[in-house]
Amino acid sequence: MVETKTHAPGAHPAMPAPLATSGVIKWAKDNLFSSPLNVAITFVVAYLLFKIIPPLLDWFIFDAVVDATSRNECEEKGDGACWAVIKVRFSQFIYGFYPENLRWRVNLAFILLIVALVPVLFDNVPHRTKALIFSALYPIIAFFLLWGGLGLEPVESAKFGGFMLTVTIGVAGIVLSLPLGILLALGRQSTMPLIHWICVIFIEAMRGVPLITLLFIASTLLNYFLPPGTNFDLLLRVIIMVTLFASAYMAEVIRGGLAAIPKGQYEAADAMGLKYWQATRLIVMPQALKISIPGIVNTFIGLYKDTTLVLIIGLLDPLGLGQSVLADSKWQALSDEIYVFIAVGFFLSCFAMSRYSLYLEKKLHTGH
Amino acid sequence: MAENASAVNIPANGFQLSSLWLDQKYRSITLQVIAAVLLLSFIGMIVNNTVKNLEILGIDPGYDFLGDPSSYDISQHLIEYNSTSPHWKAGVVGLLNTLLVSLFGIVTATIIGFLVGVFRLSKNWLVSRISYVYIEITRNVPLLLQILLWYGITVHSLPKPKQALEPASNFFLSNRGLFMPKPVFESAMWLVVAAFIVAVVAAIWYAKRAHKLQDETGKISPVLTVGASLILGLPLLAFFVSGMPVSFDIPELKGFNYKGGMAIKPEFMALWFALSMYTGAFIAEIVRAGIVSISHGQTEASYSLGIKPSWTMRLVVLPQALRVIIPPLISQYLNITKNSSLAIAVGYMDVVATIGGITLNQTGRALECMSIVLTTYLLISLGISAVMNWYNKRVALVER
């Protein structure tokens, strides 16, 4: 006999939801099997994944060879990826040909970079204003650490390479292009026709040509423009061109930020009797820059990815090093492994940055 | 007021040297004159340096060298070209190659982008996740790296011509590229072309009539079905009636490579593939943002008016979404064109690789060659932004 329980009206305890409307089953029903078409799609996609993923995993991990001294040895040991080439050349992919006994300077510069970035990226850091002074000084410190000088042994920039070169060009480009971009954006908004047009022409010309042509100019033409006999470092020439290129994009990002500021802010600044530069420095720019930070981060991601182009004019970024490794008879034709490794390196850093920019966009989107 | 003016000791309407800086009226002029002087002296300095440098090197600037024979070969040329052709012709071949790969890339990237953008919004979790993974991976890896990766895969991982894959009959995929039959048209082909033109004209006429009919009586005619069957059917009919005036030149394995037919070279394949995949991911995000930006109320309003779902998409959501999608889409097209310059990394001969690469190295005319390349790209981007401005003006919302 089943025991029945009675409850007073309104006193019935809440029952758990039926199985089919909660938990995994509900989720699968809603997201995978909501209609006949969806069922079909799910099965087709699952089948394709089943066909594609195991062989890829085999290649990447299970059949891969990590310890070997040449490609032939790799092939004897397994038919997956030959990660040995990465293991053998790993430090070169990071530091290029930077002298081994001085690599601590690169490491130190990188750690300091992170220290300098924290107060810029997050605004709830203690002693932020003091920390920002360090951030502002960082480029100078990094320059002496990497190139030497001030008692440190100098290192030629031809020895720079690998991901270190990528980060150097990227950070230098962004740090230098930010002030230039601000000036260009302000100039483009100027009521003085000459200033306005100079800025417009510069910005549009830079945005209209591929970076690679500017790098060609850096490597072939820039020497023509300088007084006869001057010949300076290719890396510096590249950084100059990258800066000019990035500043045009930066200017457009900041112009967007300026346009987003209500007119009342400008008028209020005028009503307070502030002069142009005071108003810009105290009222307009702080707000405009704050709005533009996601755009600035995106510009940086683009610039960081574009640094791979320096390979074409012969600098040894990770891709350039990869090609020199491919030319080594011991490791020939391992292009898949090398490119996949570099791609993972870029993906991790770019994905992290784009996540940060998304987080920032959400934080700045204070709702309407 | 007059007292105030005398109090700061400026004669009314008077001019002093200091008012060049202190008076707003004159200050902007002063600033612009300073800017002009700085700019002109900067340009002057560069021109002066360049002239001096060219004198030292003994180069006589000028574009005469463009008429000299180029003495290098270009494997993919859309117009007649060989190593005795002049440099300018090499440049034209390069420009055509740039435009060709850009056009192909634009078409495939748009298709990929729209598909993935819609998949990203799919209710099916697997589909939307896979689209997300695809978008994030391709967007966050440098394009140059992707081009080299695909080139490496084509050259190292595809079989040799002797063991070529045959994905479809008489299509051969090997590490020398994709070889396929080349259609050879006979003279009766003009009939098919004529039928096609007639069909298009008829379809337009029918659409106009249907529109008028709908305005007058409210009756809706099957424009899409009739139009499509006209445009497809009439040329097909003409094709069969005239006795199929097409033969195919089928590629054949001779020695180490295929001869005859049409070929897509590995360089072109890698570049095209990478450009489409990379830009496709950006376009997918644009499409997604565009569709999401249309408020749900629009769809609901349309349903409550009794408009069926497929028409709601076509007549209510898409026209509004396209207004958001098209401007960034066009700038992605510009990006494809600019990014096609990475061709040089895999040896695809575009305008940078011909004029800016081999011609520059052979003749040493850096100034002239780079100026040609830069002008070419500037003209292309000016053209594309002109299209964009025209479109923006056309679709600008008429506000109250």
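I started at A:Leu215, which touches A:Val238, A:Met241, A:Leu309, A:Val310, A:Ile312 and A:Ile313, leaving aside residues up to four places away in sequence. Contact here is by C-beta atoms, placed from the backbone, that lie within 7 Å.

The model is predicted: local features need pLDDT of at least 70 and side-chain atom pairs count only at pLDDT 80 or more, while totals for chains, interfaces and linings use all residues. Residues are numbered from 1 along each chain as its sequence is written, and chains are lettered from A and ligands numbered from 1 in the order in which they are written.

**Entry: the core**

I looked up the largest nonpolar core, which has 156 residues. A nonpolar core is a set of buried Ala, Val, Leu, Ile, Met, Phe, Trp, Tyr and Cys residues joined through C-beta atoms within 7 Å. Buried means that 20 or more other C-beta atoms lie within 10 Å of the residue's own; exposed means 12 or fewer, and partly exposed is in between, again with C-beta atoms placed from the backbone. A:Leu215, A:Val238, B:Leu145, B:Ile147, B:Leu148, B:Leu271 and B:Ala274 touch the most other members. Helix H9 (residues 266-293) of chain B gives the most to this core, with 16 residues. I also found another core apart from it, of six residues, among them B:Val192, B:Ala195, B:Ala199 and B:Ala238. Helices and strands in these notes are DSSP runs numbered from the N terminus, with H or I of at least four residues for helices and E of at least two for strands.

**Entry: the A-B interface**

I checked the two chains against each other: 43 residues of chain A are in contact with 48 residues of chain B. On the side of chain A that touches chain B, the elements giving two or more residues are helix H2 (36-62), helix H8 (193-208), helix H9 (211-225) and helix H14 (335-364). The largest share, 10 residues, comes from H14(A). By class, I noted 31 nonpolar, 10 polar and two charged residues on that side. Ala, Val, Leu, Ile, Met, Phe, Trp, Tyr, Cys and Pro count as nonpolar, Asp, Glu, Lys and Arg as charged, and the others, Gly among them, as polar.

**Entry: helix H12 of chain B**

How many of the 13 residues of H12(B) are buried? The count is 10, so this helix (residues 351-363) is largely enclosed by the rest of the structure. I listed the buried ones, including B:Val351, B:Ile355, B:Ile358 and B:Leu360. The buried residues of H12(B) pack against H9 of chain A, together with helix H4 (87-120) and helix H13 (366-395) of chain B. After H12(B) comes B:Gly364, with a positive phi near 70°.

I then moved to B:Ala366, in helix H13 of chain B. B:Ala366 has 20 other C-beta atoms within 10 Å, so it is buried. Beyond four places in sequence, B:Ala366 touches A:Thr220, A:Leu221, A:Tyr224 and B:Leu360. B:Ala366 and B:Ile355 are 11 residues apart along the chain, and their C-alpha atoms are separated by 9.6 Å.

**Entry: strands and a loop in chain B**

I counted 13 helices and seven strands in chain B. Strands pair if DSSP finds at least two bridges between them. Strand S1 and strand S2 (residues 177-180) of chain B run antiparallel, joined by three bridges. They form a hairpin with two residues between them, and B:Ser174 stands opposite B:Gly177 in S2(B). S2(B) also pairs with strand S7 (residues 262-264) of chain B, antiparallel over three bridges. There B:Met180 stands opposite B:Met262.

B:Asn170 sits in the loop between helix H6 (143-157) and strand S1 (172-174) of chain B. Is B:Asn170 buried or partly exposed? I have it as partly exposed, because it has 13 C-beta neighbours inside 10 Å. Not counting residues up to four places away in sequence, B:Asn170 touches B:Pro181 and B:Ile250.

**Entry: chain B overall**

I read the span of the C-alpha trace along its principal axes as about 95 × 70 × 45 Å. Buried residues make up 32% of the 400 residues in chain B.
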